[in-house]
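My notes follow in the order in which I looked.

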Amino acid sequence: MAKYEGVRARGKNSIQIRWKHKGKSYYETVNDRPTEANQAKAARYRDRCIELTRRGEHQLRDTTDPIFFDVCNLYLHDKAKHCKQSTLDKDKNRIEHYWSALNDFRISSISAPQLRKLDREIIWPSAKTRNNALSNLKGVFKFATVEMMIDSNPTVSLQNSKHQKKEID
């Protein structure tokens, strides 16, 4: 859990702040290392941005075309309505571990060739692990398609691997 609301580290050299105004989500990136002091400074900057936004004096970047990270969070939040917490934890861990390279991309800019390339670059421990991770990725993009964030689903070209079933004792 983040110490400061709406503030999170983005890699080693930047901090992202987020807030909502009149139903729209906005974000800005602060180019500082995510140390404790810099995150506190970013939180104060976020408060100032919120106040300027309310007065209509702040130029905002609209996030109606969200980044992959945000769509994943929405997908997991939506899935929480009908899944156990343990399932959600596993899904979240798989998404963070295998698909984190997509976090900063706009969901509409991610293409099928880009996904296939990333899939080839990942060293999968087993075919079953790959299938489970692909299932999560496909779920995120299906959610984005249903929510009309994207027009077509780029994961349709990704096929599951065959894996051997364990022998019954």
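Predicted model: local features only at pLDDT ≥ 70, side-chain atom pairs only at ≥ 80, totals over all residues.

With neighbours within four places in sequence left aside, glutamine 16 touches Gly6, Val7, Arg8, Arg10, Tyr27, Glu28 and Thr29. I placed glutamine 16 in strand E2.

Is glutamine 16 buried or exposed? I read 5% relative accessibility for glutamine 16; the cut-off for buried is under 20%, so glutamine 16 counts as buried. I also noted a polar contact of 2.5 Å between the side chains of glutamine 16 and arginine 18.

Next I went through the strand pairing. E1 (residues 7–9) and E2 (residues 15–21) run antiparallel and are joined by three bridges. I found glutamine 16 as the bridge partner of arginine 8. Five residues lie between the strands in the hairpin of E1 and E2, and glycine 11 there has a positive phi near 80°.

On to E3. I counted seven bridges between E2 and strand E3 (residues 24–30), again antiparallel. Isoleucine 17 of this pairing stands opposite glutamate 28 in E3. The hairpin of E2 and E3 has two residues between the strands, and I noted a positive phi of about 50° for lysine 22 in the turn. For reference, I wrote down that side chains in a regular strand alternate between the two faces of the sheet.

I then turned to the nonpolar cores. Which residues touch the most other members of the largest core? I found Phe68, Trp99, Leu102, Ile107, Leu137 and Phe141, out of 25 residues in that core. Helices H2 (68–79), H3 (85–98), H4 (112–121) and H5 (127–146) are the elements that each give two or more residues to this core. H5 supplies the largest share, seven residues.

I checked tryptophan 99 separately. Neighbours within four places in sequence aside, tryptophan 99 is in contact with Phe68, Arg94, Leu118, Ile122, Trp124, Ala133, Leu134 and Leu137. Another core, of 10 residues, lies apart from the largest one; Val7, Ile15, Ala43 and Cys49 are among its members.

Last, I looked at H2. The 12 residues of H2 reach 16 Å from first C-alpha to last, close to the 16 Å expected at 1.5 Å a residue. I listed Phe68, Phe69, Asp70, Val71, Cys72, Tyr75, Leu76 and Lys79 as buried in H2. What do the buried residues of H2 pack against? I found E1, E2, H3 and H5.

Conventions
Residues numbered from 1 in each chain as written. Heavy atoms only, no water. Pairing = 2+ DSSP bridges. Helix = DSSP H or I, 4+ residues; strand = E, 2+ residues; numbered from the N terminus. Buried < 20%, exposed > 50% of the residue type's maximum accessible area, 1.4 Å probe, protein only. Polar contact = N/O pair within 3.5 Å; in protein donor to acceptor, adjacent residues only side chain to side chain. Contact = heavy atoms within 4.5 Å. Core = buried A, V, L, I, M, F, W, Y, C linked by side-chain atoms within 4.5 Å. Expected span 1.5 Å × (residues − 1).
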